[in-house]
Amino acid sequence: MRASSAAVSESESETTFATSVPTGRLGIWWFLASEIVIFGGLITIYVLFRLRHPEWAEQAAHTITAAGAINTFVLLTSSLTMVLAHNAVERGNLKVASAALLQTIFGGAIFVGIKAFEYGHEIGAGFTPVSGLFWSFYYLMTGLHALHVIGGLFAILAIQRAVARGRNPHRVEFVGIYWHFVDVVWIFLFPLLYLSS
Amino acid sequence: METPSHAADSRHVNYAVIWGILMAALGVSLVLAYHEQKALASAIIFAIAVVKAGIVAVYYMHLKFEPRYIVLTVLAGLVCLAILFAGLLLDIVHVYGG
């Protein structure tokens, strides 16, 4: 029964429309197009407010730049391991792909851990989501991003377990595209919230 | 499943070199953050972020190897964002003045 389900799943993954793009890849890109508006909208509104409130620089100075920089390093590196996992799938080496996915999960977990440390430090210093508009934006944007990281970690874990058993390796590409998008969002959040002081 | 051309093209990318470029860009941004001319430094840092995001999208997300339909899908999101930005900007100028 399980083998039958897997076969159906493989068959569905190869389904294409007139675009000649596999439905799985098409679906993830459509999803990300909507995410561009969500994160892009937030970032746009933040930038417009920031331009009108130069005094926010003093608030931004209280974010931990070193932690943000380390998290940028960690997330960019996890993107590298993710793309290497996809590359390994293309070459048919599922063992390497599975190991690279585990490394990506490790990187994502470190990112969440550092972010949690930052939140603890900032809240401890009295900077809560209601401490001012800058901090409301900070917690909303980084919090929404962190939720996307955590959701991505669960998705990567589920796919890694399947790939380790030789099932549905094509899904590595789909979760990879999502993971890189999460990386792209952080690439913008880091300078806006940490380096603009 | 990869389309054959997509898979073949993406295999020739040196992802470690891309990672190195992204790390170098991160380093430059950190150095610029401590520059005395804040406004200029912030503008350059943001420009670097745009380039970094583009590199990730083109090489890691394989946008370079995707068919035009996928590129148009991304552009659809960006156009919606541009409309949102233009509307907000007009509203702010109207309410607060230039």
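Student: In what order do the elements of chain B run from the N terminus on?

Tutor: In this predicted model, chain B reads α-α-α-α from its N terminus. That is four helices and zero strands.

Student: How much of chain B is buried?

Tutor: Buried residues account for 18% of the 98 residues in chain B.

Student: And where in chain B is confidence lowest, and where highest?

Tutor: Helix α1 of chain B, residues 4-10, is lowest, with a mean pLDDT of 58. Helix α2 of chain B, residues 15-32, is highest, at 96. Over the whole of chain B the average pLDDT is 87, and 88% of the residues score at least 70.

Student: Let me pick a residue. Where is B:F46 found?

Tutor: B:F46 sits in helix α3 of chain B, which covers residues 38-60.

Student: Why does B:F46 count as partly exposed?

Tutor: Because B:F46 has 17 C-beta neighbours inside 10 Å, and a residue needs 20 or more to be buried and 12 or fewer to be exposed.

Student: Switching to chain A. How many helices and strands?

Tutor: Chain A has seven helices and zero strands, so the order from the N terminus is α-α-α-α-α-α-α.

Student: What share of chain A is buried?

Tutor: Of the 197 residues in chain A, 42% are buried.

Student: And what share of the contacts in chain A comes from residues 24 or more positions apart?

Tutor: Such pairs make up 77%, taken over contacts with a separation of 6 or more.

Student: Where does pLDDT stay under 50 in chain A?

Tutor: Over residues 1-12 of chain A. For that stretch the model has two contacts beyond four places in sequence. Where pLDDT is low, the predicted coordinates should not be read in detail. Chain A as a whole averages a pLDDT of 90, with 90% of the residues scoring at least 70.

Student: How do α4(A) and α5(A) cross?

Tutor: Helix α4 of chain A is residues 65-90 and helix α5 of chain A is residues 94-124; their axes come within 8 Å and cross at roughly 165°. Angles over 145 degrees count as roughly antiparallel, so α4(A) is roughly antiparallel to α5(A).

Student: Is that crossing left-handed or right-handed?

Tutor: Left-handed, as α4(A) passes α5(A). The contact of α4(A) with α5(A) has 18 nonpolar, eight polar and two charged residues.

Student: What about A:A69, buried or partly exposed?

Tutor: A:A69 lies in helix α4 of chain A. It is partly exposed, because 18 other C-beta atoms lie within 10 Å. A:A69 and A:L195 are 126 residues apart in sequence, yet 9.6 Å apart in space from C-alpha to C-alpha.

Student: And A:P54? Where does that one lie?

Tutor: A:P54 is in the loop between α2 and α3 of chain A, α3 being residues 56-60. With 10 C-beta neighbours inside 10 Å, A:P54 counts as exposed.

Student: On to the interface. How many residues of chain A are in contact with chain B?

Tutor: There are 38 residues of chain A in contact with 38 residues of chain B. On the chain A side, α2 (23-52), α4 and α7 (171-194) each supply at least two residues.

Student: Which of them gives the most?

Tutor: α2(A), with twelve residues. By class, the side of chain A that touches chain B has 21 nonpolar, 13 polar and four charged residues.

Student: How does α2(A) cross α4(B)?

Tutor: Their axes come within 9 Å and cross at roughly 25°, where α4 of chain B is residues 68-96. Angles under 35 degrees count as roughly parallel, so α2(A) is roughly parallel to α4(B). α2(A) passes α4(B) in a right-handed crossing. Their contact has 19 nonpolar, six polar and one charged residues.

Student: Last one. What ipTM and pTM does the predictor give the complex?

Tutor: An ipTM of 0.87 and a pTM of 0.89.

Terms used:
Residues numbered from 1 in each chain as written. Chains lettered and ligands numbered in written order. Predicted model: local features only at pLDDT ≥ 70, side-chain atom pairs only at ≥ 80, totals over all residues. Axes fitted to C-alpha atoms, helices over the stretch in contact; angles between N-to-C directions. Parallel < 35°, antiparallel > 145°, perpendicular 65-115°, else oblique. Left-handed = near helix turned anticlockwise from the far one by under 90°. Nonpolar A, V, L, I, M, F, W, Y, C, P; charged D, E, K, R; others polar. Contact = placed C-beta atoms within 7 Å. pLDDT = per-residue confidence, 0-100.
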